[in-house]
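Me: I would like to learn how to read a few features of a protein model. Please take them one at a time.

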Amino acid sequence: MANTRFVKIHDQLHYIGVNDRYTHLFEAMWPLPDGISYNSYLLDGGSETCLIDCVKIDSIIEFMEKLRSVLGGRGLDYVVVNHMEPDHTSSLKAVVESFPGCKVITNSKAVKMMENFYGIGEDRVVLVGDGDTVKIGERELTFYSTPMVHWPESMVCFEEATGTLFSQDAFGGYGTLDGAIFDDQIEWDKYRDETVRYYTNIVGKYSVQVTRALKKLEGLDIKMICPDHGPIWRENIEPIVKLYSDLSEQKTEDGVLIVYGSMYGNTEMMAEAIARALTEEGVRNIRIRDVSKTHLSYLISETWNYRGIILGCPTYNVDLFPPMRTLVETLKKQKMKNHILGTFTNYSWGGGAEKQMAAFAEESKWEVLPTTIDVMGAPEDEDLEKCRQMAKEMAEALAKYR
């Protein structure tokens, strides 16, 4: 009978990850409606054993039971730390204390963090650099530095005999593993959007570094990808690599995302008018989001995805409506590209939002539509005509990319 504490990937590799269905916000910021998995792997090299990445400390009892079960009374010789973020390392101290002879394989950039976070010193460390190989009994792991994907110490390791890439946060996504752990056992569409959201929320700002990392790894004969979150990729490696490549290159989808804020309905009326006019201009892929109701996590993901972005809000204290200001400031830091931008604003007794939107448009370096709209109070016919003009300009701008 199969052991339900762990999953056999092949004779030398077992999955001992855990699901987190309790945390509401990843990094205390990003919603987890479907939870998240923390993946960990036990590599058996015959004469030596190696744990590859740990899990969040909240699941330490379950995790240690799985680890001891798969070891079957044997000791643990090594633990690989590919990435120091605590969702993968907060259980590390418990592991090394439980196995006093265990050595930690990591890089020089991680050592100071490890000592600072957990009091684990260099005497427990086997240092590796880019391209270094470490023998685990009859097996070998080769390490590749992937800095700023998405921390400076980040690296991956590759087991050439089976073509297995242990990719830490790369190729991962939000969502628990509900019974199945392999990509060919799941409905990919269920995970795709959460993979995109994970990338854009966590890794997106470092897309240049992701592209470099993908280039570095493209010469490897990868037959399986074992990430630290989400499913193990063994049948559909090309699609997940292509998705990450497209995301890192910031390829955008033909369509328009309209994000608006409205206190009393006037700005919303303009958003609706623009959307209707876009439809009349032949645009089929349109999504409207209320910035006050939609979490920033989803707005980042959807902004990354759509080529056309139209932002609108009222003036609030001579500035942008606060939820829109939060979005705009976040978009500045995300360093997004390949977008077309339109803006519309509204005021009751004094303006200010229009100037802030114009400043964002200039700083974004996106293609900016000629027409901008700033309306006092309820939009009149001439204002709605400007909405139609903005929609026409957006449709024409999108058409150039088809």
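Reply: Helices (H or I, at least four residues) and strands (E, at least two) are DSSP runs, numbered from the N terminus. Here, Ser262 is found in the loop between β17 (253-260) and α8 (266-280). This is a predicted model: local features need pLDDT of at least 70, side-chain atom pairs count only at pLDDT 80 or more, and totals for chains, interfaces and linings use all residues. Residues are numbered from 1 along each chain as its sequence is written, and side-chain values use heavy atoms, with hydrogens and water left out.

Me: Is Ser262 buried or exposed?

Reply: Buried means under 20% relative accessible area, exposed over 50%, and partly exposed in between (1.4 Å probe, protein chains only). Ser262 has a relative accessible area of 18%, so Ser262 is buried.

Me: Which residues is Ser262 in contact with, leaving aside its neighbours within four places in sequence?

Reply: Contact means heavy atoms within 4.5 Å. On that basis Ser262 is in contact with Thr267, Glu268, Pro314 and Phe321, leaving aside its neighbours within four places in sequence.

Me: How are strands arranged in a sheet?

Reply: Strands of a sheet pair through backbone hydrogen bonds, either parallel or antiparallel. Two strands pair if DSSP finds at least two bridges between them. In this model five strands form an open sheet with mixed pairing, in the order β12-β13-β14-β15-β16. β12 (133-136) and β16 (224-226) stand at the edges with a single partner strand each, so one side of each has no neighbour in the sheet. Strand β15 (residues 164-166) and β16 run parallel, joined by three bridges. Leu165 stands opposite Ile225 in β16.
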